[in-house]
Amino acid sequence: MSARAAAVRAVGWPLLGVAIVLVAWQFGVMLSGVAPYLLPSPAAIARAMWEGRDMLASAMARTALGAAIGFACAAAAGGLLGSVIALIPFLRRSLYPLATVLQMVPVVAVAPLLQLWVDNGLPMAILSAAIVALFPVLAATIDGQASVDPGLRELFKLHGATRLRRWWKLDLPWSLPATATGLRIAAGLAVIGAVVGEFVSGYGGTRAPLGIVIQAAMRDARTDLVFAAVALTTVVGFALFGAVSLVGWLLVRRWHASAVNDSEERR
Amino acid sequence: MIPAPPTLRFDCVAREFPGGVRAVDGVTLSLSPGSFTAVIGPSGCGKTTLIRLAAGLDVPTAGRVDAGTTKRSCSLCFQDPRLLPWRRVVDNVALPLELVGVPRARRHASALEVLQAAGLAHASRMLPAQLSGGMRMRVALARALVTQPQVLLLDEPCSAVDEFTRMQLDAEILRAWRACGATTMLVTHSVSEAVWLADRVVVMAHGRVHADHTVRVDRASRDRSDSAFLGEVEHCMRLLAAASGKAAA
Amino acid sequence: MWRCVRLAVAAFLCVPSSCTESKDGAAPAGRTAVRVQLNWVPEPEFGGIFAAQQDGLYSLAGLDVDIRKGGSQVPVAQLVASGQADFGVMTAEDVLTLRDRGGELVAVFAIFQENPTGFLLHESNPITTLEQLWTSSSTVAVDANPPFVRLLNLQFGGKDLKLVPYTGALAGFLASKDAVQQCFITAEPVECRLRGVPTRVLSIAPVFNPYAAVLATRASTASANPAMVESFVRATSEGWRRYFADPAKYNPAIAALNPSMSIEAMNMAAELERPLIVPADGSAIGSMRPARWQQLERELVQVGTIAAGRTPSAGALWTPPSGSNSGATSTKP
């Protein structure tokens, strides 16, 4: 099987699935006669997207910016904090359970509180995105670094490596695949976090991000526009997820088992 | 000028684990400079604990281990290769030097040198996942040699490879020992391997030395099919069987 | 604080919950089950409905009423139009907007005659008029782009304003002396007064004065079951009369359903809302004039919520089968 045929299949099947769902949805709406303010047809959603393209594009850019910055902050903070926690056994025992519990706090519930601490608009979207994205990164980093092969730990001990040197040359590279997985999850969550932040403090008017567009369309009973904005939210999520996956793959492809096996097969 | 290798001494060494299990229970042994000693014994006899004590990965609960030298010139080759999967072969071999701060160019040259001597120069740019199990073990052995150790500890290096690879690896171990002249201690399951490689075979059981046998076949004329060699193997087998019986009793 | 947390959670779940024990479809023999969806948590702005329930007026009318509380994100108009609630409290613009989109809603009862919506400012804020506010660079918490914001934009520009979502929480307002937020004259200002925070309210009624809270039902329900609708309207109307006769008698039951608002605040709110609910011209509580619906329609066309040339206001008002003696509607121009 050629690489191109494999790529066509990898993209083709999901696209076919999407097409089937859209066609079924369109005919379902047309045949059942369900009111458009309850469930618009894909065609109506596409029309709303096209008619509001300028407004939606600017809203999408704002939401993407908030999510991306929030994600970057979470990645940096989670990686750093996770490493420190993994490195110091006392911290790992005391803080790791706490981090897991904090992960359960729903950001929608605390968002109105956050509003008291940071400015409205972008800063709030960033903070909200960073909060939901932080814990997957933190947990993946800690888990990844705590799961280093004990045999390799022993090898480093045998050669008298200091704890810091061991972290840099063993723990960190070992945990990269796990951290990359955590980052991919965080990328998707960051967009949700940003939209939640926008729900409580996004700017209205011409500076509206997707969260506000959704609210405004909802109160205007523009269900088609609500769907269009939600669809674009998932596009932002996919884009961020894709970008992070690509970077992760570039980082770990050198030694990730699957990547190595691929190169072996090609030879 | 490389200093003369030291004597590796075990003085009434004991290691008791929590729960009262005595893996090593009063071992006294002296491995003379530059000698090759094999330790055999049934599973759980304490031979791996003994070699870990020698390497400093564990500390005895009684007695003392004296490798007669600094820790740095003592090397251990584990049962499994333990290579870092994201590093090329040459960087894996250079790791022990890297960890004590040898500059990049110098440790690279040393690593290439031991790889060359082991006939692995062609694999130096490969990743561990691209190597066979036997090759990985040979890389691990090269890594143990890169520091030019004066005490070389081998913990069942051939336990996970097939018979043919084992013979290759044994030849490689012998060549390395001759080249560096280190005081060497090999832990193994295989009696014939022990007789083929060592000057002296120590049989352990129940954490104690059960027998201590000097191999009577001249090193130069060791041949796996020779009757004198096979006689020595048989003798050691009997010692092992006696030790196992005692352990079971 | 608790209120804002609860609201956020309710907004997230978007699930209308029942104030009383659920009686879904399980009305006692001979009574009709009626689901009433509020657009906010139980407060004196729904006083007449709770009074009618407490005094058993609905039961006497053969109705088994289930009152469901709402929140800032509960789509009441859609819930009623799709038949998931029989009556809902919503704004008049909600009725016209959804009618324009094909939803068959009819308004049966106006709770507020005058728009109780306004802007809440700290008393120390130098802004004293809507025009000053809308030409300032204040940060204002309001609903997402409602018609009144668009009308104010048309009139005053509002280019420098920073509009952020209104969540119903007071914490943000209390935290900053410059804060401005949308309010219900009967709710947030009372809360502030009880906390000793001096405030000023700028009513938006001079710019936008539709019926700010109406009870609406499905057109099909109204035509299929006019007697039920009429009994409901009559009982609600009587409920309001009783509520204003003695609010303190009914507020404890409302406060029990909404622990975040004190009985004291509810008693004050009842006095504040009385002039906005009881018609000044002596007509019955709940009555509506078609002219005001037509004016709202013109305003919605003006701000672009509905397209020109459509007339969703035609038929938006329910006419009781027994004439206008129920007090719900009046055909005065």
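This is a predicted model: local features need pLDDT of at least 70, side-chain atom pairs count only at pLDDT 80 or more; totals for chains, interfaces and linings use all residues.
# Notebook: chains A, B and C

Strand E6 of chain B, residues 151–155, runs parallel to E7(B), and 5 bridges join them. I checked one position: Val151(B) has Thr183(B) of E7(B) opposite. For my own reference I wrote down the general rule that strands of a sheet pair through backbone hydrogen bonds, either parallel or antiparallel.

**Entry: Thr184(B)**

I stayed on E7(B), which covers residues 183–187 and holds Thr184(B). Is Thr184(B) buried or exposed? I set the cut-off first: a residue is buried if 20 or more other C-beta atoms lie within 10 Å of its own. Thr184(B) has 27 C-beta neighbours inside 10 Å, so it counts as buried.

I asked which residues Thr184(B) touches, leaving out those up to four places away in sequence. I found Phe36(B), Thr37(B), Leu152(B), Leu154(B) and Trp177(B). I also looked up a distance to Arg219(B), which is 35 residues from Thr184(B) along the chain. Their C-alpha atoms are separated by 15 Å.

**Entry: the other sheet I looked up in chain B**

This one is an open sheet of 3 strands, in the order E2-E1-E4. Its pairing is antiparallel. Strand E2 (21–31) and strand E4 (62–66) of chain B stand at the edges. Both have a single partner strand, so one side of each is left without a neighbour in the sheet. The twist averages 20° from one strand to the next.

I counted bridges for one pair here too. Strand E1 of chain B, residues 8–17, pairs with E4(B) over 4 bridges in the antiparallel sense. Phe10(B) has Val65(B) as its bridge partner in E4(B). A helix goes with this sheet: H1 of chain B, residues 47–55, lies across E1, E2 and E4 of chain B. I read its angle to E2(B) as about 60°.

**Entry: chain A**

I turned to chain A. How many helices and strands does chain A have? I got 11 helices and 0 strands. The C-alpha atoms fill a box of roughly 75 × 55 × 30 Å along the principal axes. Of the 267 residues of chain A, 42% count as buried. I also sorted its contacts with a separation of 6 or more: 79% of them join residues 24 or more positions apart.

The domain assignment gives two entries for chain A: domain 1 (1–33) and domain 2 (42–266). Their centres, taken over C-alpha atoms, are separated by 28 Å.

I looked at helix H1 of chain A, residues 3–32, and tested its length. At 1.5 Å a residue, its 30 residues should span 44 Å. The end C-alpha atoms are 43 Å apart, which agrees. How many residues of H1(A) are buried? The number is 0, so H1(A) lies largely in the open. After H1(A) comes Gly33(A), with a positive phi near 65°.

**Entry: where chains meet**

I checked the contact between chains A and B. It takes 17 residues from chain A and 16 residues from chain B. On the chain A side, helix H7 (150–158), helix H8 (163–201) and helix H11 (257–266) each supply at least two residues. H7(A) gives the most, with 7 residues. By type, the chain A side divides into 9 nonpolar, 3 polar and 5 charged residues.

Of the 2 pairs of chains in contact, chains A and C share the most contacts. No contact joins chain B and chain C. The closest C-alpha atoms of chains B and C lie 45 Å apart.

How values were computed. Residues are numbered from 1 along each chain as its sequence is written. Chains are lettered from A and ligands numbered from 1 in the order in which they are written. Domain bounds come from an automatic or database domain assignment. A residue is buried if 20 or more other C-beta atoms lie within 10 Å of its own, exposed if 12 or fewer, and partly exposed in between; C-beta atoms are placed from the backbone. Two residues are in contact if their C-beta atoms, placed from the backbone, lie within 7 Å. Ala, Val, Leu, Ile, Met, Phe, Trp, Tyr, Cys and Pro count as nonpolar, Asp, Glu, Lys and Arg as charged, and the others, Gly among them, as polar. The expected span of a helix is 1.5 Å times one less than its number of residues. Two strands pair if DSSP finds at least two bridges between them. Axes are lines fitted to C-alpha atoms, for helices over the stretch in contact, and angles run from 0 to 180 degrees between N-to-C directions.
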